[in-house]
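Biologist: I would like to learn how to read a model like this one. Can we take it feature by feature?

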Amino acid sequence: MTAGQADLFRANRGCWVLGERADREQYALLSAQGIVRQAIEIDGLVSVAGGRRAIEGRFLEAGHLVHDAYVGKRL
């Protein structure tokens, strides 16, 4: 992971209000300026302050079906 990817992940991974549906999701897409920048396979959602949750997972690389379908494309 590059420094830029790490910064984007920290900015987007959360402190989100996520309902029960989020517990069933396998992937998350992280965006900036209207473009999908990263795709993540979700390992889990962790509780953070204020009853919110944050995403934990691994970055998907080029060649992965989800990465190739979304990364670099407009929202």
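Modeller: Start with exposure: buried means under 20% relative accessible area, exposed means over 50%, and partly exposed lies in between (1.4 Å probe, protein chains only). This is a predicted model, with local features taken at pLDDT of at least 70 and side-chain atom pairs at pLDDT 80 or more, while totals for chains, interfaces and linings use all residues. Numbering runs from 1 along each chain as its sequence is written, and side-chain values use heavy atoms, without hydrogens or water.

Biologist: What share of the chain is buried?

Modeller: Of the 75 residues, 27% are buried.

Biologist: How many helices and strands are there?

Modeller: Both are DSSP runs, numbered from the N terminus: helices are H or I with at least four residues, strands are E with at least two. Here the chain has two helices and four strands. Along the sequence the pattern reads α-β-β-β-β-α.

Biologist: How do S2 and S3 run, parallel or antiparallel?

Modeller: Two strands pair if DSSP finds at least two bridges between them. S2 and S3 are antiparallel, joined by six bridges.

Biologist: How many bridges join S3 and S4?

Modeller: Eight, again in the antiparallel sense. Valine 46 sits opposite alanine 54 in S4. This hairpin has three residues between its strands, and glycine 50 takes a positive phi near 75 degrees.

Biologist: Now the charges. How many salt bridges does the structure hold?

Modeller: The general idea is that side chains of opposite charge can pair when their charged atoms come close. The cut-off is a side-chain nitrogen of Lys or Arg within 4 Å of a carboxyl oxygen of Asp or Glu. The structure has three such bridges.

Biologist: Which residue meets arginine 21?

Modeller: Glutamate 25, at 3.2 Å from N to O. Glutamate 25 is partly exposed at 35% relative accessible area. Arginine 21, at 60%, is exposed.

Biologist: Which residue pairs with aspartate 23?

Modeller: Arginine 53, with the closest N and O atoms 2.7 Å apart. The bridge links distant parts of the chain, 30 residues apart. Arginine 53 is in strand S4 (residues 52-59), and aspartate 23 is in the loop between strand S1 (14-16) and strand S2 (27-32).

Biologist: Is arginine 53 buried or exposed?

Modeller: Buried, at a relative accessible area of 14%. Its side chain also makes polar contacts, meaning N or O atoms within 3.5 Å; within protein, one must be able to donate a hydrogen and the other to accept it, and sequence neighbours count only if both atoms are side-chain atoms. The side chain of arginine 53 reaches the backbone oxygen of leucine 18 at 3.0 Å. It reaches that of glycine 19 at 3.0 Å as well.

Biologist: Which residue forms a salt bridge with arginine 58?

Modeller: Glutamate 41, at 2.6 Å from N to O. Arginine 58 belongs to strand S4 and glutamate 41 to strand S3 (residues 35-48), so the bridge ties parts 17 residues apart in sequence. Arginine 58 is partly exposed at 43%. Glutamate 41 is partly exposed at 23%.

Biologist: Last feature. What is the volume of the largest pocket?

Modeller: About 170 Å³. On a 1 Å grid over the protein atoms alone, a pocket is an open set of points where a 1.4 Å probe fits, with protein on both sides within 12 Å along at least five of seven lines; lining residues have an atom within 4 Å of a point. Points join across faces, edges and corners, and the volume is the space filled by probe spheres set on them.

Biologist: Which residues line the largest pocket?

Modeller: Among them are Trp16, Tyr27, Ile42 and Glu25. S2 and S3 each supply at least two lining residues. The lining has eight nonpolar residues, no polar and one charged. Nonpolar covers Ala, Val, Leu, Ile, Met, Phe, Trp, Tyr, Cys and Pro; charged covers Asp, Glu, Lys and Arg; the others, Gly among them, are polar.
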